[in-house]
Amino acid sequence: MIRGAARKLENRPPLKVNQSLLSLPSFVKINWSLQILGRRPDGYHEVRTLLQTISLHDDLHFEIDDGGGISLSCDEPDIPTDDQNLIIRAASALKTGFDVGAGVRVRLEKKIPTRAGLGGGSSNAAVSLLALTRLWNVKASAAQLLDIAATLGADVPFFLVGGCALATGIGATISPVPENADDVAHLIVITPNASISTAKAYSALSSTALTTSSNDPILSSSHSEAKKRDSQPWPLQAPLKNDFESVIFDIEPEIRRTKETLLQAGALDALLAGSGSSVFGIFINREDQQRALNEIKPEVGWRIFPCVTVSRNEYRRVVGPPDIPFLRSFNSGSDIGA
């Protein structure tokens with residue numbers, strides 16, 4: 001099934017808000033690269049990954065509840081709407097942390113596949129923090145919002161930033177990468193009828209030790225790689241690489257076939273997104289992307305999404321809100337997070 005549309009976001013208006021209502025898109029991410037560097041003493045894995053927001057998104061609708069309650073509804077019956085959902089947990093953390101009297105009713109229009117390696121739940125959580133900071137008039141600093149985001153999940157801090165960024169540590173230390181406003185990559189994302197839990201994916205990897213005992217060498221190396229990218233055609237300045245491919249393709253051959261399908265359809269390159277199961281392919285332009293869409297013969301249960309990349313400036317314009325001062329600082333390229 002083919003969903004979505006590959007188009008720039010210029011025609012989408014900036015967010016609009018009144019005193020009690022707000023609707024925002026919740027974009028997903030892909031990983032241009034993903035390295036698993038080893039297991040940390042705290043049990044988490046050390047990673048180095050280059051993340052990118054893309055145009056596939058859920059829609060979130062927020063309405064203030066003067067009674068103080070927090071509730072969630074969703075058009076997808078399989079999505080939990082209690083405190084298992086990161087939207088509820090994000091709202092509760094912000095409400096408790098800043099002693100907010102008001103509550104919120106949230107409606108989630110779900111388009112992002114679940115358990116697909118695209119960060120949909122993390123994006124929902126981050127966008128909820130941004131929306132409720134505005135609706136509840138919370139005077140939160142960057143450090144405070146990032147601290148809340150990090151407690152919700154390793155990918156959540158990235159979705160406060162958007163665009164292209166390096167993530168290191170457990171994935172919660174974010175280093176924005178300089179972007180060219182004219183760079184837009186045309187992508188096709190395929191989510192096959194197969195899935196692997198993140199825990200199973202990590203357990204299948206053979207990496208046993210960190211390559212460094214400190215984040216500093218990792219960050220230094222990552223910044224060096226980012227500079228090298230400027231001299232090569234975007235977005236293929238460096239080879240796409242995801243360490244999970246070496247194990248996940250063997251566990252789930254259907255995911256391997258997804259990548260092969262994209263390459264046979266003319267993708268310049270293709271890569272597993274996160275820990276899977278989605279795979280994305282890169283195309284030179286919209287015409288090649290459309291040609292590939294016409295050629296791809298999906299297997300049963302595959303979901304296919306034509307997308308484009310979303311820059312940090314565009315992400316900030318659409319997701320905002322622009323009157324949170326620290327959002328503007330995320331273009332500086334400084335490291336963000338723990």
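Here is a short tour, going from the whole chain down to single residues.

**Before you click.** This is a predicted model, where local features need pLDDT of at least 70 and side-chain atom pairs count only at pLDDT 80 or more, while totals for chains, interfaces and linings use all residues. Residues are numbered from 1 along each chain as its sequence is written, and side-chain values use heavy atoms, with hydrogens and water left out.

**Stop 1: the whole chain.** Show everything as a cartoon. The chain has 10 helices and 11 strands; these are DSSP runs (helices: H or I, at least four residues; strands: E, at least two), numbered from the N terminus. Out of 338 residues, 53% are buried. Buried means under 20% relative accessible area, exposed means over 50%, and partly exposed is in between (1.4 Å probe, protein chains only).

**Stop 2: strand 2.** Select residues 45-65. How many of the 21 residues here are buried? The count is 20, so to speak a mostly covered strand.

- Strand 1 (residues 21-39) runs antiparallel to strand 2, with 17 bridges; look for Arg39 and its bridge partner His45.
- Strand 5 (residues 164-169) pairs with strand 2 in the antiparallel sense over six bridges, and Thr49 has Ala167 as its bridge partner.

Stop 3: Next, pick out the open antiparallel sheet with the strand order 9-10-7-11. Its edges are strand 9 (269-272) and strand 11 (303-308), each pairing on one side only. Neighbouring strands in this sheet are turned by 20° against each other on average, direction ignored. Zoom in on strand 7 (residues 186-191) and strand 10 (residues 279-283), which are joined by five bridges. There you'll find His186 opposite Phe283.

Now bring in helix 7 (residues 253-264), which packs on the sheet and touches strand 7, strand 9 and strand 10. Its direction makes about 10° with that of strand 10. Axes here are lines fitted to C-alpha atoms (for helices, over the stretch in contact), and angles run from 0 to 180 degrees between N-to-C directions.

**Stop 4: helix 8.** Select residues 286-295: helix 8 lies across strand 7, strand 10 and strand 11, at about 25° to strand 7. Which residues are buried in helix 8? They are Gln289, Ala292 and Leu293. These three cover an arc of only 105° around the axis, which puts them on the same side of helix 8; the arc is taken from the directions from the helix axis to the C-beta atoms. The buried residues pack against strand 7, strand 10 and strand 11, with contact meaning heavy atoms within 4.5 Å.

Stop 5: Finish in the loops. Ser277 sits between strand 9 and strand 10, and a cis peptide bond joins Gly276 to Ser277, with omega about 20°. Then try Arg115, in the loop between strand 4 and helix 2 (120-135): its phi is near 50°, a positive value in a residue other than glycine. Is Arg115 buried or exposed? Exposed, at 64% relative accessibility.

Key:
Two strands pair if DSSP finds at least two bridges between them.
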